[in-house]
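Here is a short briefing on one protein chain. Keep the sequence and the structure open while you read.

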Amino acid sequence: MSALTSIKNIGPALEKSLTEAGITTAEQLREIGADEAYQKLLENGARPHFIGYYVLHMALQGRPWNDCKGEEKKSLRKQFDKIKSGSFDESRSELERFLNQIGVVQVDRK
């Protein structure tokens with residue numbers, strides 16, 4: 001199994017966040033993909049940030065983080081907004097986010 005940081009553009013901070021969200025290897029990250037991984041990050045309490053989202057996509061494609069442009073970037077922005085609206089609720093407390101993680105409180109999906 002390979003370390004998350006073996007993937008270009010994934011440094012120690014993102015590795016820590018991914019690990020805390022239950023994604024511990026490069027293989028696991030590649031298997032679930034950027035969208036599901038980002039959703040897990042948000043559900044684990046990470047604050048949404050579009051650049052972080054598309055950096056994850058670029059990383060899994062082996063591309064430089066700033067290679068996302070034009071129509072591709074617009075398309076990713078739409079998907080980011082969809083994931084954000086279904087996986088992040090600023091009005092939820094840390095306790096509610098934790099209860100969701102263990103399956104006690106459900107997150108409403110759109």
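## A buried loop residue

Thr 25 is buried, with a relative accessible area of 14%. Buried means under 20% relative accessible area, exposed means over 50%, and partly exposed lies in between (1.4 Å probe, protein chains only). This is a predicted model: local features need pLDDT of at least 70, side-chain atom pairs count only at pLDDT 80 or more, and totals for chains, interfaces and linings use all residues. Residues are numbered from 1 along each chain as its sequence is written, and side-chain values use heavy atoms, with hydrogens and water left out.

**Around Thr 25**

- Thr 25 sits in the loop between helix 1 and helix 2.
- A polar atom of the Thr 25 side chain lies 3.0 Å from the backbone nitrogen of Gln 28.
- Not counting residues up to four places away in sequence, Thr 25 touches Met 1, Ser 2 and Leu 4. Contact here means heavy atoms within 4.5 Å.

**Overall layout**

- The protein chain has five helices and zero strands. Helices (H or I, at least four residues) and strands (E, at least two) are DSSP runs, numbered from the N terminus.
- Along the sequence, the pattern reads α-α-α-α-α.
- The protein chain has 110 residues, and 32% of them count as buried.
- Take the contacts in the protein chain with a separation of 6 or more: residues 24 or more positions apart account for 43% of them.

**Helix 1 against helix 2**

- The axes of helix 1 (residues 12-20) and helix 2 (residues 26-43) come within 11 Å and cross at roughly 85°. Axes are lines fitted to C-alpha atoms, for helices over the stretch in contact, and angles run from 0 to 180 degrees between N-to-C directions.
- Helix 1 and helix 2 are therefore roughly perpendicular to each other. That label covers 65 to 115 degrees; under 35 counts as roughly parallel, over 145 as roughly antiparallel, and the rest as oblique.
- Leu 14, Ser 17 and Leu 18 come from helix 1, and they meet Leu 29, Ala 37 and Leu 41 of helix 2.
- The residues of this contact divide into five nonpolar, one polar and no charged. Ala, Val, Leu, Ile, Met, Phe, Trp, Tyr, Cys and Pro count as nonpolar, Asp, Glu, Lys and Arg as charged, and the others, Gly among them, as polar.

**The nonpolar core**

- In soluble globular proteins, nonpolar side chains tend to be buried together.
- The largest nonpolar core here has 23 residues. Such a core is a set of buried Ala, Val, Leu, Ile, Met, Phe, Trp, Tyr and Cys residues joined through side-chain atoms within 4.5 Å.
- Those with the most contacts inside this core are Ile 10, Leu 18, Leu 29, Tyr 38, Tyr 53, Leu 56 and Leu 76.
- Helix 2, helix 3 and helix 4 are the elements that give two or more residues to this core.
- Helix 2 gives the most, with seven residues.
- Leu 76 is in contact with Phe 50, Tyr 53, Tyr 54, His 57, Met 58 and Cys 68, leaving aside its neighbours within four places in sequence.

**Tyr 54 in helix 3**

- Tyr 54 lies in helix 3 and is buried, with a relative accessible area of 5%.
- Tyr 54 touches Trp 65, Cys 68, Lys 73 and Leu 76, not counting residues up to four places away in sequence.
- The C-alpha atoms of Tyr 54 and Cys 68 are separated by 7.2 Å, though the two are 14 residues apart along the chain.

**Asp 35 in helix 2**

- Asp 35 lies in helix 2 and is partly exposed, with a relative accessible area of 25%.
- The Asp 35 side chain makes a polar contact with the side chain of His 57 (2.9 Å). A polar contact is a pair of N or O atoms within 3.5 Å; within protein, one must be able to donate a hydrogen and the other to accept it, and residues adjacent in sequence count only if both atoms are side-chain atoms.
- Leaving aside neighbours within four places in sequence, Asp 35 is in contact with Tyr 53, His 57, Gln 79 and Ile 83.

- Arg 63 sits in the loop between helix 3 (50-60) and helix 4 (70-87).
- The Arg 63 side chain makes a polar contact with the side chain of Asp 67 (2.8 Å), and a polar contact of 2.8 Å joins the side chains of Arg 63 and Glu 72.
- Leaving aside neighbours within four places in sequence, Arg 63 is in contact with Asn 9, Met 58 and Glu 72.
- Asn 9 is in the segment before helix 1 and is partly exposed, with a relative accessible area of 27%.
- Phi of Asn 9 is near 80°, a positive value in a residue other than glycine. Most residues other than glycine have a negative phi.
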